[in-house]
Amino acid sequence: MALNLRDFLAALGDDLIRVDDEIDPITQAGALCSASPRPILLNRLTGFPGWKLCDILVKDRKRQAKALGTAPQSVVRELSDRMFTRVPGGSKIVSDGPCKEVKLLGADADITKLPIPIHSEGDAGRYLGSGVTITKDPDTGVRNEAIIRALVRGPRKMGFWMAARHNWAHLMKYQERGLPAPMAFAIGLHPGYEILANFSGRHEGYDELEMGAGVLGETLELVKCETIDLEVPAQAEIVIEGVVPPGVREPEGPFGEFTGYSKGAEGPAPVFEVTAITRRRDAIYRHMQATVFTDHQPLVSVPMEASLYRRLSEIHGRTEIHDVYIPPWVTMFTVFVQMTPRWDGQARDVLLGVLSSPYLHPKIAIAVDEDVNIYDPREVFWAISTRLNPEHDVIVIPHERIHPLDISAPNVDRSEVTVMRVGGKMAIDATKPPLWRKKEREEFTRIKPKGADDPALQALLARLASMG
Ligand SMILES: [Mn+2]
């Protein structure tokens, strides 16, 4: 049974918010998806008869767990284990698939006929922000995936900004040879694949979708594109095929991003020329609203949390890391680590590990102990307030490379490669004294209100907790 978007939506049951009112996807979907607390499906789209649009599939741990087939409290550990032990999953080329039910070639391949929304006020236009972007290394034949932003510039033309370094390296190889680079956008996959598409670490000999197949425990079915030399997931709702002509640059942006701002990356950018659209007959448009507190942050932060979990666990040979959390409300720039430090300096080294990883996002790293709930910001601020001595426990590191969309630091170069920002990073060690300082650590044992463990009070305590 091949995993796909529509089966995932069906399995959500009443968890899925179904909107039957007629909605203009271009001008109204952005606000609705942004406000939706859980998965949403727009059933009637003005100007796009027969189409549906969905979003907000993996915003919180509960739905991430559903996408990955695990429990909410073990998303990070389980994903980390599967990503690095089951890799790579199998893939096979099949001759046909659901994404080929409708084939639109030449002038019929008109992307303006897809219900692609304007995400935010002030955006340069309609943006495809949900396409799993597929390229191939012309030397090794290994594909790469990432999710990028692409501006609809006409029926068969998009402009795009690409921070994804592996895809970019592929495009540059074609450009150096003066050749158009084949590229495809696969829209509407099972969200487990969408999460893995955002993995940024090294993968040699396999791509992110095959990594996803390993994580999800299935064999990925791929079909060949109609007009370019590339393979795409057979179960996709929609596939846009095309080429990136070498050396062509045109203005792109502004585009409201996951940071809550629309500035930071606009400028000359490559273009994508559409050669074909293939899709399911009753295709569902998977949107990823790119504003704050949407799917946009967890789609990137979940593989980042899992990668960091593994990376940090290896510091000093073995470090007891319990969980890693990058809340959607910190725009991926702050990372919470729950750990038990054994030795002096261990928490600091873990924090430095957070700040120097395959990912450029982490700017602020905060470590707390196992008795602090990292999913409750009040708990984290309690730990910072009571366990932190700022003259010893805060490290500010100057002159680091930071995320291209972090406009708090200056853009030092808008080169061919990417926006280059250089700024500070900060490590905050809010852990207790380490295990080997037993006596000092004990002083930080949290007090419990009298009666907290009294069996006779448990029902009443639960009732009070539920009333908060
Ligand atoms: Mn990659």
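Predicted model: local features only at pLDDT ≥ 70, side-chain atom pairs only at ≥ 80, totals over all residues.
Residues are numbered from 1 along each chain as its sequence is written.

**View 1. Helix α3 against helix α4.** Helix α3 covers residues 61-68 and helix α4 covers residues 75-85; helices (H or I, at least four residues) and strands (E, at least two) are DSSP runs, numbered from the N terminus. Their axes lie 10 Å apart and pack at an angle of about 30°. Axes are lines fitted to C-alpha atoms, for helices over the stretch in contact, and angles run from 0 to 180 degrees between N-to-C directions. That angle makes α3 roughly parallel to α4 (under 35 degrees is roughly parallel, over 145 roughly antiparallel, 65 to 115 roughly perpendicular and the rest oblique). The crossing of α3 past α4 is left-handed, meaning that the near helix is turned anticlockwise from the far one by less than a right angle; right-handed is clockwise. From α3, Arg61, Gln64, Ala65 and Leu68 meet Val75, Glu78 and Leu79 of α4; residues are in contact if their C-beta atoms, placed from the backbone, lie within 7 Å. This contact of α3 with α4 has 4 nonpolar, 1 polar and 2 charged residues (Ala, Val, Leu, Ile, Met, Phe, Trp, Tyr, Cys and Pro count as nonpolar, Asp, Glu, Lys and Arg as charged, and the others, Gly among them, as polar).

**View 2. Helix α4 against helix α8.** Helix α8 spans residues 296-313, and its axis is 8 Å from that of α4, at an angle of about 75°. That makes α4 roughly perpendicular to α8. On the α4 side the contact is made by Val75, Val76, Arg77, Leu79, Ser80, Met83 and Phe84. On the α8 side the residues are Val302, Glu305, Ala306, Tyr309 and Arg310. By class, the contact of α4 with α8 holds 8 nonpolar, 1 polar and 3 charged residues.

**View 3. Helix α8 against helix α9.** Helix α9 is formed by residues 346-355 and packs with α8 at an angle of about 140°, the axes being 10 Å apart. Leu308, Arg311 and Leu312 of α8 meet Val350, Gly353 and Val354 of α9. Of the residues in the contact of α8 with α9, 4 are nonpolar, 1 is polar and 1 is charged.

**View 4. Two backbone details in loops.** The peptide bond from Gly253 to Pro254 is cis, with omega near 5°. Pro254 sits in the loop between β15 (250-252) and β16 (267-269). Ile56 has a positive phi of about 55°, although it is not a glycine. The loop holding Ile56 runs between β3 (52-55) and α3.

View 5. Domain 1 gives 13 residues to the contact and domain 2 gives 12 residues. The side of domain 1 that touches domain 2 has 5 nonpolar, 6 polar and 2 charged residues.

Notes:
Contact = placed C-beta atoms within 7 Å.
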